[in-house]
Amino acid sequence: MPIVPEAEIAALMTPDAAYEAVEAVFAAMARKSAYNFPVIREAIGHADALYGFKSGFDRESLALGLKSGGYWPGNADRGLTNHQSTIFLFDADTGRCSAIVGGNLLTALRTAAASAVSIRHLAREDAKVLGMIGAGHQSIFQMQAAVKQRKFSKVIGWNYHPEMLSRLAECADSLGLPFEEASLESLGREADVIISITSSFSPSLLDAHVTPGTHIACMGTDTKGKQEVEATLLKRAAVFTDEIAQSISIGEAQHAIASGLITQTDITEIGAVINGAHPGRVSDDEITLFDGTGVGLQDLAVAAKVVELAQAKGVAINVDF
Ligand code: NAD
């Protein structure tokens with residue numbers, strides 16, 4: 001059985017390969033041939049940690065397994081990333097464990113790939129200004145994947161902790177793009193595409209900030225209680241998601257659903273747009289919003305790709321198990 005350690009992932013997996021894997025599995029989900037099992041996420045009462053499992057099965061690729069892990073807020077002080085995860089794959093014919101794969105970098109890559117998929121399929125073709133809300137660990141992966149989707153000429157950013165904005169400035173610089181710090185008001189006014197990736201429990205981006213034609217990828221809300229944008233924005237926007245069950249329970253839509261602003265039937269799975277079953281954006285004035293909650297099938301898809309690449313390059317550790 002192959003084990004692919006975390007340290008090997010960076011040399012194996014590219015953002016482009018993650019994009020392909022995630023787009024394909026979103027499409028399979030919309031065809032109902034791949035499905036996620038209910039998420040388990042618990043506050044364990046130790047180290048302020050949230051721990052849980054995301055899992056699923058893709059009948060087309062036969063990817064079966066789970067990602068185990070969570071969020072340890074004190075890790076940064078220990079020189080570790082706050083998110084810690086490991087992906088376990090199983091043989092769909094026998095149930096035997098078929099691979100163990102480090103899941104930290106893969107989580108960042110598959111999450112960035114999800115918002116990039118939403119940008120490719122939902123943002124206006126002429127989008128020029130990318131607005132970033134959030135400057136934590138995930139933010140640079142998000143920016144790197146997003147800039148491949150449209151010809152952006154500038155990145156603007158806001159963060160609750162402004163001292164962290166240098167991370168966005170350095171990333172934009174490495175991508176050859178100018179960066180400007182912005183207020184939420186000017187970010188909403190100027191940005192054609194907005195990515196929000198924070199751990200906030202109250203809205204930063206308000207309905208009144210956002211102008212017609214914007215595409216917003218809400219990527220930070222993956223737990224009950226978290227919220228990044230004002231709920232009324234979801235009533236004004238065309239809302240898309242990775243998976244409806246997660247969107248209404250742990251995603252950004254949980255608040256608009258709970259307050260009766262929208263119903264589940266107002267939300268479209270992005271896979272339907274990828275498959276051509278839904279038109280996606282229907283006008284240049286429409287506001288599109290992608291509620292990226294992060295599904296287990298994304299993890300399995302990128303892990304399966306990494307195992308294939310690791311075996312081909314001979315860098316997997318093979319053990320009898
Ligand atoms: P991080 O801890 O490195 O950064 C947290 C970010 O949130 C920082 O920009 C911080 O300034 C900001 N923030 C903190 N408190 C805030 C507040 N009250 N208001 C506004 N902003 C605030 O975390 P990260 O690894 O970058 O992850 C960011 C979020 O993305 C987390 O909520 C995480 O759970 C989520 N996430 C989602 C997915 C997914 O698939 N959707 C995947 C990975 C991470």
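1. A residue is termed buried under 20% relative accessible area, exposed over 50%, and partly exposed in between (1.4 Å probe, protein chains only). By that rule C218 is buried, at 1% relative accessibility, and C171 is buried as well, with a relative accessible area of 5%.

2. The model is predicted: local features need pLDDT of at least 70 and side-chain atom pairs count only at pLDDT 80 or more, whereas totals for chains, interfaces and linings use all residues. Residues are numbered from 1 along each chain as its sequence is written, and side-chain values use heavy atoms, with hydrogens and water left out.

3. The structure contains 0 disulfides, a disulfide being a pair of cysteine sulfur atoms within 2.5 Å. For C171, the closest cysteine sulfur belongs to C218 and lies 20 Å away, too far for a bond.

4. An automatic or database domain assignment divides the protein chain into domain 1 (2-107 + 297-318) and domain 2 (123-294). Their C-alpha centres lie 23 Å apart. The contact (heavy atoms within 4.5 Å) takes 20 residues from domain 1 and 21 residues from domain 2.

5. Between them, the two domains bury about 1,600 Å², 58% of it on carbon and sulfur atoms; buried area is the accessible area (1.4 Å probe) that two parts lose on being put together, summed over both. In domain 1, the residues losing the most area to domain 2 are F26, R41 and K54, together 25% of what that side buries.

6. The interface of domain 1 and domain 2 has 1 salt bridge (a side-chain nitrogen of Lys or Arg within 4 Å of a carboxyl oxygen of Asp or Glu). D16 and K148 form a salt bridge, with their closest N and O atoms 3.3 Å apart.
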